[in-house]
Amino acid sequence: FTELPELFAQADIVSLHLAHTPETTGIVSAELLARMQKDAILVNTARAELVDGAALVDMLRSGRIAGAALDVFEHEPLDPHDPLLQLPNVVLTPHVGFRTPEATRRTITTALDNLLGFFAGTPRHVVNPEVLRWSSDE
């Protein structure tokens with residue numbers, strides 16, 4: 001394991017995969033971005049609130065980092081005048097990468113499997129099993 005400042009200083013690509021919580025808001029600060037190598041790329045497919053957006057734009061404009069790939073934005077839909085749209089070293093995609101026919105099919109199949117299992121008395125994929133500890137006698 002490596003501390004974040006060292007990770008940002010050594011990594012060629014930093015890819016964010018964490019939830020947005022009060023503790024993670026702004027976790028990728030201007031200071032961390034400044035530690036990135038000139039040829040490094042930041043990938044954020046998690047949440048925009050994790051990154052200091054203004055600092056990221058500054059780093060990209062100045063060429064301080066090589067680029068960014070983002071599918072999450074501070075304001076959605078992205079404003080047509082957003083500076084990210086003017087930067088040649090940024091790849092922007094909508095936050096819908098999971099919406100494929102295969103993913104939709106699997107979501108529906110899993111939901112139906114869960115319902116059938118529940119009504120058959122054999123629930124599957126239970127996140128909070130304590131709620132199932134009841135009987136008709138109660």
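## A salt bridge, a helix and a pocket

With a relative accessibility of 26%, Asp 113 counts as partly exposed. Keep in mind as you look around that this is a predicted model.

Asp 113 has a partner: its side chain meets that of Arg 124 in a salt bridge, at 2.9 Å from N to O. The pair links distant parts of the chain, since Asp 113 belongs to helix H4 (residues 101–119) while Arg 124 sits in the segment after H4, 11 residues apart. The structure holds one salt bridge. Here are the two partners side by side.

| Residue | Relative accessible area | Class |
|---|---|---|
| Asp 113 | 26% | partly exposed |
| Arg 124 | 34% | partly exposed |

Arg 124 counts as partly exposed because its 34% falls between the 20% limit for buried and the 50% limit for exposed.

Now for the helix itself. H4 has 19 residues, and from its first C-alpha to its last it reaches 27 Å, close to the 27 Å expected at 1.5 Å a residue. After H4 comes Gly 121, with a positive phi near 85°.

The largest pocket has a volume of about 250 Å³. Its lining is made up of 17 residues, and those nearest the pocket's centre are Gly 53, Val 57, Glu 74, Asp 82 and Leu 84. Which helix gives the most to this lining? Helix H3 (residues 53–62) does, with four residues.

Conventions. Residues are numbered from 1 along each chain as its sequence is written. This is a predicted model: local features need pLDDT of at least 70, side-chain atom pairs count only at pLDDT 80 or more; totals for chains, interfaces and linings use all residues. Side-chain values use heavy atoms; hydrogens and water are left out. On a 1 Å grid over the protein atoms alone, a cavity is a set of points where a 1.4 Å probe fits but cannot get out, and a pocket is an open set with protein on both sides within 12 Å along at least five of seven lines; lining residues have an atom within 4 Å of a point. Grid points are joined across faces, edges and corners, and a volume is the space filled by probe spheres set on the points. Helices (H or I, at least four residues) and strands (E, at least two) are DSSP runs, numbered from the N terminus. A salt bridge is a side-chain nitrogen of Lys or Arg within 4 Å of a carboxyl oxygen of Asp or Glu. Buried means under 20% relative accessible area, exposed over 50%, partly exposed in between (1.4 Å probe, protein chains only). The expected span of a helix is 1.5 Å times one less than its number of residues.
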